[in-house]
Amino acid sequence: MTTQMTPGSGVGSRIPGAFSGTALRTDFPVFDRPTGTGKRLVYLDAAASAPKPRRVIETIADAYGHHYANVHRGIYELSEDATARFEAARATVARFVGAASPREIVFARNATEAINLVAYSWGRANLRAGDRMLTTQLEHHANIVPWQQLCREVGATLDYVSITDDGRLDPDDLRAHLANGPKLVAVAGVSNALGTINPLTEIVRLAHEAGALVLVDAAQSAPHMPTDVAALGCDFLALSGHKMLGPSGIGVLWARRELLEAMPPFMTGGSMIIKVTLDGAEWNEVPYKFEAGTPAIVEAIGLGEAINYLTDLGMDAVREHERYLFEQAWAALREIPGVRLLGPDDPAIHAGVISFVLDGIHPHDVATVFDSEGVAVRAGHHCAQPVMQRYDIPATTRASFYVYNDTDDVEALASAIRACQNLFS
Amino acid sequence: MDNLYRDFILEHYRNPHNKGFLDPHDLHFDDSNPTCGDEMSMTLRLDAGGETITDVGFDGRGCAISQASASILTDGLRGQSLDQVRAMNPKDLLDELGVPIGPARLKCALLSYKVLQGAVRGGEFEWPAEAESMTG
């Protein structure tokens, strides 16, 4: 086994069988492109959206070029071909998340739309005045605002599990809120703003004991670690294709079959019906009941290919790769004076997302100076303003890793921080 | 991009002019830049006629571009009439900054302008169209 270590750091080594991020970079055409300053692109913004492998881009072009027609309705070979590819993608997603059947996979525009589908359909049918539901202080706005709107509309109360100083959900606060009998717990697999990996198995167990259903916002976890809804036992799970090497405009809601069967439609129109008369309509079977109108056909096929790329690497290997890079980066950044790191210290519960603040330098200035070094990071509130409020900061700079990153990117990150500090010193 | 942070921008950022909250004041407005979390307040004192600015203070927290822009903008305000301020063109402020402001940073550069206009117009001021179409 070859052990690669950053000089001077005593942190973890690569596991046997892990892949090289540098080698994978050739799979991504974006890395052929020089940055505006002519430097190598150091892409550290996967948490916002991920670059696309050539395989995915070529699959999309081929689907549009040679296999495109509308799905589920053509009585001709081309439409049957398109339908087969679209439904194969659904089956690929089902295997990827551990669903019992492809019928539990609803295609949506993104994780936001998938969560809204649950809020509008399940929420408005099941939440009543005086009921409670629970989310957390570390959520993305996509897992807060739909619930705020739902609770406001039906007269329910939305509670939030608080977070600790190091960015973990407070387990005592979770138990206290569960004792109030919420109907639903909506929680992220991984915090996009802090990188915290939430203890989902424990949360699902406690929530079910308290009689609540559990929705997992997997937008930030599904791209980076194995997902298994059967093992987890959750009730709903939402993810976005564009964060996991797939195209934008496609996301997924997984829900247990019996929940989907009982839920009323979210959007109505074509495709989602079995029969329409001037007096009314009967709904199609699941998942089609939730897919009104022509779906994002090629985007779904592209997502399927992105999942194939990830499963070829192996999601355990993806997680180990990012854990290794996290350990290298965390150790390197902790050595630099004036860097405040957010989120938990423990690599077992911290994904490849590092949110930090540089003393006396606004994150937007940080990101601009980084850009001149070829380093693409996100600066802002990361659509998680309650997290910023919790730590009383206006914004953070966030570096996030994925399969194409490697230790050279960690070094570029540390050196960009020093360049920024020198400029502002 | 390095020339965005020319020495005089950094100098204004480190030692901003007219920084502070004037109390008492005649006009006051607060605003923020939701994409960055920048917050800024502007307080103005007027002469006895209530038409000419005699003193100005800005306060808040934000990036080097927004802070330097506020420092530079407020420097030129004493002795200006409210009508002159209302007629100000945001492009003049960008020219005065004299560094390339890309679309991602336009709202940083013009936050002080927006807060000033809010103060002299007595309420929320719409972003200039070119800034609205270029959010970071």
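Q: Leaving aside neighbours within four places in sequence, which residues is A:Tyr288 in contact with?
A: In this predicted model, A:Tyr288 is in contact with A:Ser271 and A:Met272, once neighbours within four places in sequence are left aside.

Q: And where is A:Tyr288 found?
A: A:Tyr288 sits in the loop that runs between strand E10 (280-283) and helix H10 (297-313) of chain A.

Q: Why is A:Tyr288 called partly exposed?
A: Because A:Tyr288 has 18 other C-beta atoms within 10 Å. A residue would need 20 or more to be buried, and 12 or fewer to be exposed.

Q: What about A:Arg128, how far apart are A:Tyr288 and A:Arg128 in space?
A: From C-alpha to C-alpha, 27 Å separates A:Tyr288 and A:Arg128, and in sequence they are 160 residues apart.

Q: New topic! How is chain A divided into domains?
A: Domain 1 of chain A covers 21-33 + 314-424, and domain 2 covers 57-311. Their C-alpha centres lie 28 Å apart.

Q: How many residues does the contact take from each domain?
A: It takes 24 residues from domain 1 of chain A and 22 residues from domain 2 of chain A.

Q: On the domain 1 side, which elements each supply at least two residues?
A: Helix H11 (315-334), strand E12 (353-358) and helix H13 (385-390) of chain A do. The largest share, 5 residues, comes from H11(A).

Q: And what is that side like by class?
A: The side of domain 1 of chain A that touches domain 2 of chain A has 13 nonpolar, 6 polar and 5 charged residues.

Notes. Residues numbered from 1 in each chain as written. Chains lettered and ligands numbered in written order. Predicted model: local features only at pLDDT ≥ 70, side-chain atom pairs only at ≥ 80, totals over all residues. Domains from an automatic or database assignment. Contact = placed C-beta atoms within 7 Å. Helix = DSSP H or I, 4+ residues; strand = E, 2+ residues; numbered from the N terminus. Nonpolar A, V, L, I, M, F, W, Y, C, P; charged D, E, K, R; others polar.
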